[in-house]
Amino acid sequence: ILSLYDWFLIVGVIASNIIYSLMTDTLDVLGSLASITGVLCVVLVAKGSIWNYAFGLVNVSLYALISYRASLYGDAALNALYYLPMQFIGWWQWRKRGAAVTEAETEGRGVQVKARRFTWTQRALLAFGCAVAVVACGFILKSVGDPQPFKDSATTVLSIVAQALMALAFMEQWCLWIITNVISVIMWIICISRGEAHAGVMVIMWFFYLLNSLNGLRVWLKLSRE
């Protein structure tokens, strides 16, 4: 069941896209569809619902195209080559960890995935590995002409790791999503100044992702304890 906060995020992103279209006198169908399906996806992830992967499939396909057009090659490759197949892998893994398609399927026990968490040693190793990978990937993207190589690298690397943790139902995914969302908001604001297509609605999308990731951390802390 969606909470009041969940409805705030869903209605908020739809209203923001409408207001943005009216203010700019443009109708960005592609960007708006990616934005709305993306927020629906992450809201359901925070709820521990397996149906997030249905909306995620649409979102990552559209976002890959938008990122490619904005020359954010790291994000484009991430979505097309990693996020897309991970929607199917995640569905399979969540089914294994107790996530159900319907309430009846679990005989009233709930449909949420069974969450888990790392030890502090594992978290330290995770942080170190991510830092090294971000720097290395940043230099690679810089060499191929990415206009924001280290921001793009951070969102790419952290998203790869976070998506894997999400598929395996680890609570620590939300710490990485929060960092990724903050950087992505900054990255797309810079794209607005460069006049990139879809940049405005992408800022809206990532801002609502950030709000949801904060709520997701709160919910999954509880889920992983249980």
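1. Let's start with the aromatic cluster. In this predicted model, Tyr5, Phe8, Phe207 and Phe208 form one aromatic cluster. Find these four residues in the viewer before you read on.

2. Phe207 and Phe208 make an aromatic pair, with ring centres 5.7 Å apart and planes at 80°. An angle over 60° counts as edge-to-face, so this pair gets that name.

3. Phe208, at 6%, is buried. The cut-off for buried is under 20%.

4. How many aromatic pairs does a search of the whole structure find? It finds 15. One of them is Phe118 with Phe170: their ring centres lie 4.6 Å apart and the planes sit at 45°, so the pair is tilted.

5. On to H6 and H7 themselves. Their axes come within 9 Å and cross at roughly 150°. Anything over 145° counts as roughly antiparallel, which is why H6 is described that way relative to H7. The crossing is left-handed.

6. What holds the contact of H6 with H7, by class? It has 13 nonpolar, six polar and two charged residues. On the H6 side, the residues include Lys151, Asp152, Leu158 and Met166; on the H7 side, they include Leu176, Trp177, Ile183 and Ile190.

7. Now try helix H3 (residues 52-69) with helix H8 (residues 199-225). The axes of these two come within 13 Å and cross at roughly 135°. That makes H3 oblique to H8, and the crossing is left-handed.

8. Which residues make the contact of H3 with H8? From H3 come Asn59, Tyr63 and Ile66, and from H8 come Met202, Met205, Trp206 and Tyr209. By class, that is six nonpolar residues, one polar and no charged ones.

Notes
Residues are numbered from 1 along each chain as its sequence is written. This is a predicted model: local features need pLDDT of at least 70, side-chain atom pairs count only at pLDDT 80 or more; totals for chains, interfaces and linings use all residues. Side-chain values use heavy atoms; hydrogens and water are left out. Axes are lines fitted to C-alpha atoms, for helices over the stretch in contact, and angles run from 0 to 180 degrees between N-to-C directions. Helices (H or I, at least four residues) and strands (E, at least two) are DSSP runs, numbered from the N terminus. Angles under 35 degrees count as roughly parallel, over 145 as roughly antiparallel, 65 to 115 as roughly perpendicular and the rest as oblique. A crossing is left-handed if the near helix is turned anticlockwise from the far one by less than a right angle, and right-handed if clockwise. Contact means heavy atoms within 4.5 Å. Ala, Val, Leu, Ile, Met, Phe, Trp, Tyr, Cys and Pro count as nonpolar, Asp, Glu, Lys and Arg as charged, and the others, Gly among them, as polar. Rings of Phe, Tyr and Trp (its six-membered ring) pair if their centres lie within 6.5 Å; planes under 30 degrees apart count as stacked, over 60 as edge-to-face and the rest as tilted. Buried means under 20% relative accessible area, exposed over 50%, partly exposed in between (1.4 Å probe, protein chains only).
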